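Colleague: I'd like to learn how to read a fold like this one from its coordinates. Could you take me through it, feature by feature?

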Amino acid sequence: EGVMLFCNKWCPGCRRARSWFSQHQIEYTELDVTRDKAAAAQVKEWADGNLTTPTFYINGEVVVDWKLKEVERLLLP
């Protein structure tokens, strides 16, 4: 299913996530919640009504906020 990063341009956690993905050579799709209303609505559904960034959709699992250990568990062998 792949990796999706729901984010915005100014979020520090989003910058860290992009850097981490790059460092580990992980391909992902980025959705900007400030420009994509459907993406924003999806994040709010997952995050109890909050527009929390970054939010990750990783092979069917959702991680709300920059939780490195969770992201590592889902992506690293």
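**Reading the fold**

Modeller: Let's start inside: Cys7 is buried, with a relative accessible area of 0%. Buried here means under 20% relative accessible area, exposed means over 50%, and partly exposed is in between, with a 1.4 Å probe and protein chains only. Keep in mind that this is a predicted model, where local features need pLDDT of at least 70 and side-chain atom pairs count only at pLDDT 80 or more, while totals for chains, interfaces and linings use all residues. Residues are numbered from 1 along each chain as its sequence is written, and side-chain values use heavy atoms, with hydrogens and water left out.

Colleague: How many disulfides does the count come to?

Modeller: A disulfide is a covalent bond between the sulfur atoms of two cysteines. The working rule is a pair of cysteine sulfur atoms within 2.5 Å, and by that rule the count is zero. The closest cysteine sulfur to that of Cys7 is in Cys14, at 4.6 Å, which is too far for a bond. Cys14 is buried as well, also with a relative accessible area of 0%.

Colleague: OK, zooming out: which elements does the chain run through from the N terminus on?

Modeller: Elements are DSSP runs numbered from the N terminus: helices are H or I with at least four residues, strands are E with at least two. The chain has three helices and four strands, in the order β-α-β-α-β-β-α. Its radius of gyration is 11 Å, close to the 11 Å that the globule rule gives for 77 residues, so the chain is as compact as a globular protein of that length. That radius is taken over C-alpha atoms, and the globule rule is 2.2 Å times the number of residues to the power 0.38. Along the principal axes, the C-alpha atoms fill a box of roughly 30 × 25 × 20 Å. Of the 77 residues, 42% are buried.

Colleague: And the sheet? What order do the strands have?

Modeller: Strands of a sheet pair through backbone hydrogen bonds, either parallel or antiparallel. Two strands pair if DSSP finds at least two bridges between them. Here four strands make an open sheet in the order 2-1-3-4, with mixed pairing. Strand 2 (29-32) and strand 4 (61-64) are at the edges with a single partner strand each, so one side of each has no neighbour in the sheet. On average, neighbouring strands are turned by 15 degrees against each other, direction ignored. Angles like this run from 0 to 180 degrees between N-to-C directions, on axes fitted to C-alpha atoms, for helices over the stretch in contact.

Colleague: Which strands pair in the parallel sense?

Modeller: Strand 1 (residues 3-7) and strand 2 do, over four bridges; Met4, for one, has Thr29 in strand 2 as its bridge partner. Strand 3 and strand 4 are antiparallel, again joined by four bridges, and Phe56 has Val63 in strand 4 as its bridge partner. These two strands form a hairpin with two residues between them, and Asn59 in the turn has a positive phi of about 50 degrees.

Colleague: How do I read the sides of a helix?

Modeller: An α-helix has 3.6 residues a turn, so residues three or four places apart point the same way. In helix 3, Val71, Leu74 and Leu75 are buried. They cover an arc of only 85 degrees around the axis, which puts them on the same side of helix 3; the arc is that of the directions from the helix axis to the C-beta atoms. Contact means heavy atoms within 4.5 Å, and the buried residues of helix 3 pack against strand 1, helix 1 (12-23), strand 3 and strand 4.

Colleague: Which residues of helix 2 are buried?

Modeller: Ala39, Ala40 and Val43. Down the axis of helix 2 they fall within an arc of 100 degrees, so they line one face of the helix. They pack against strand 1, strand 2 and strand 3. The face turned away from that buried side carries the exposed residues Lys37, Ala38 and Glu45.

Colleague: Last one, a loop residue: where does Asp65 lie?

Modeller: In the loop between strand 4 and helix 3. Asp65 is partly exposed, with a relative accessible area of 36%. Leaving aside neighbours within four places in sequence, Asp65 is in contact with Thr52, Thr53, Pro54, Thr55 and Phe56. Thr52 sits in the loop between helix 2 (37-46) and strand 3, and at 19% relative accessibility Thr52 counts as buried.
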